[in-house]
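Grab the model and let's work through how two chains meet. Each exercise comes with a worked solution.

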2 protein chains.
Amino acid sequence: MVDKNLLSELYPFWKELTPPQEAEIAANTVIRTFKPGEVVHGGGQECTGVLGVIRGRLRTFMLSDEGKEITLFRLVDGDTCMLSASCMIRNISFDVHVSAEIKTEVAIINAAVYDKVAKRNPHVESFMNEIISMRFSEVMWVVEQVLFMKMDKRLSIFLLEQSALDQSDTIVMTHEQIASHLGTAREVVSRVLKYLSNEGHIAVSRKGIKILNRNGLLKMTG
Amino acid sequence: MVDKNLLSELYPFWKELTPPQEAEIAANTVIRTFKPGEVVHGGGQECTGVLGVIRGRLRTFMLSDEGKEITLFRLVDGDTCMLSASCMIRNISFDVHVSAEIKTEVAIINAAVYDKVAKRNPHVESFMNEIISMRFSEVMWVVEQVLFMKMDKRLSIFLLEQSALDQSDTIVMTHEQIASHLGTAREVVSRVLKYLSNEGHIAVSRKGIKILNRNGLLKMTG
């Protein structure tokens with residue numbers, strides 16, 4: 001039985017549950033800790049469950065048959081992923097992959113149990129629908145970037161976002177990893193990093209990518 | 001007052017409405033006919049309403065600041081679009097454009113009225129959520145094509161889909177129009193059409209693009 005206080009912090013609908021609904025969800029939730037890079041969902045698991053990030057960071061991405069990747073959105077402390085429980089969502093016909101970026105503690109609610117409670121409690125269903133609309137919007141932002149933005153702009157946005165996530169001026173990532181986030185080739189990332197470096201916005205070294213001129217990088221995203 | 005029989009054919013939740021709910025929706029729905037190319041939603045109209053296609057075909061697309069386009073999905077007889085009423089959907093923070101592809105008759109339900117009824121009737125809300133999940137899935141299919149498929153495959157898929165929509169072996173469209181659907185440049189479309197033509201799958205003439213070898217084109221999509 002998972003601590004109900006923990007679940008009440010993750011889920012805004014918790015206060016709207018009946019005591020039996022609380023008990024049912026708590027009894028069908030497991031807490032798991034994932035190592036950096038570990039697969040949380042995808043690759044055959046059809047319905048991992050509803051993921052609630054207690055502490056850490058997850059990456060949700062698409063993966064092609066040829067192994068090409070693109071990041072759709074990331075989940076940090078307090079965030080929920082429903083697409084890992086798409087079996088319970090009518091009309092969701094695609095699958096995503098989720099992996100841990102750093103050591104991440106996740107509460108996983110069994111999808112069938114979530115679905116059962118949602119069918120009886122409109123607050124639980126509303127929460128699911130709000131999360132799906134939020135992810136839809138995040139994916140549309142990715143589509144907009146992929147289709148309409150040049151790579152120097154996309155990479156500048158990515159570096160600033162990553163710096164905020166890591167709370168650091170230095171982004172410790174390989175060009176290959178950045179390419180996977182952006183759904184492009186390593187060569188493209190290397191070329192654009194070189195351009196941003198020539199402009200004096202960043203410094204690229206073996207230790208990582210250091211942001212030297214945050215305002216300059218911000219201007220690139222405009 | 002719009003004919004209730006028409007609305008009951010468009011909306012599966014109609015039989016679950018109370019008589020006052022039926023009356024309220026019918027009184028706040030307008031029927032409009034759009035000419036080919038005419039804008040149905042977008043370009044400043046923030047909340048056109050819930051669109052139900054009575055007869056015809058609508059195209060939903062994204063448009064960049066520079067005028068680049070990509071088709072997200074199309075709506076045919078009986079289809080519903082909720083993204084044209086995104087003001088009523090929590091967490092939907094993007095906007096799409098909708099235009100008529102052929103002469104199209106549309107029933108437009110006022111968004112505030114739909115929202116009001118949905119808040120009281122879970123069948124109406126469920127329908128909205130099902131449509132949003134369906135569109136999310138359709139957009140993910142577009143993302144997959146854009147990111148992971150070569151243009152010869154994407155164009156073959158497009159020609160077969162268009163042929164099915166038009167119920168014709170000949171697709172009467174300019175290379176520019178096809179490029180707008182696929183979010184690419186006209187030159188790219190012209191080049192790939194030439195390739196498909198050299199392979200004997202299609203014939204390109206001033207009259208349009210004629211499918212000569214449907215099986216050959218189908219193999220391209222595999």
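**Exercise 1.** Work out how many residues of chain B are in contact with chain A, and how much area the two bury.

*Solution.* Start with contact, meaning heavy atoms within 4.5 Å: 34 residues of chain B touch 34 residues of chain A. Next comes buried area, the accessible area (1.4 Å probe) that two parts lose on being put together, summed over both. For chains B and A that's about 2900 Å², with 71% of it on carbon and sulfur atoms. On the chain B side, B:Phe136, B:Met140 and B:Phe148 lose the most area to chain A, together 25% of what that side buries.

One caveat: this is a predicted model, where local features need pLDDT of at least 70 and side-chain atom pairs count only at pLDDT 80 or more, while totals for chains, interfaces and linings use all residues. Residues are numbered from 1 along each chain as its sequence is written, chains are lettered from A and ligands numbered from 1 in the order written, and side-chain values use heavy atoms, leaving out hydrogens and water.

**Exercise 2.** Find the salt bridges across the interface, then the element of chain B that gives the most residues to it.

*Solution.* Look for a side-chain nitrogen of Lys or Arg within 4 Å of a carboxyl oxygen of Asp or Glu. Two turn up between chains B and A. One of them pairs B:Glu130 with A:Arg90, whose closest N and O atoms are 3.2 Å apart. Now for the elements: strand E4 (57–63), strand E5 (69–76) and helix H4 (122–148) of chain B each give two or more residues to the side that touches chain A. H4(B) gives the most, with 17 residues.

Key
Helix = DSSP H or I, 4+ residues; strand = E, 2+ residues; numbered from the N terminus.
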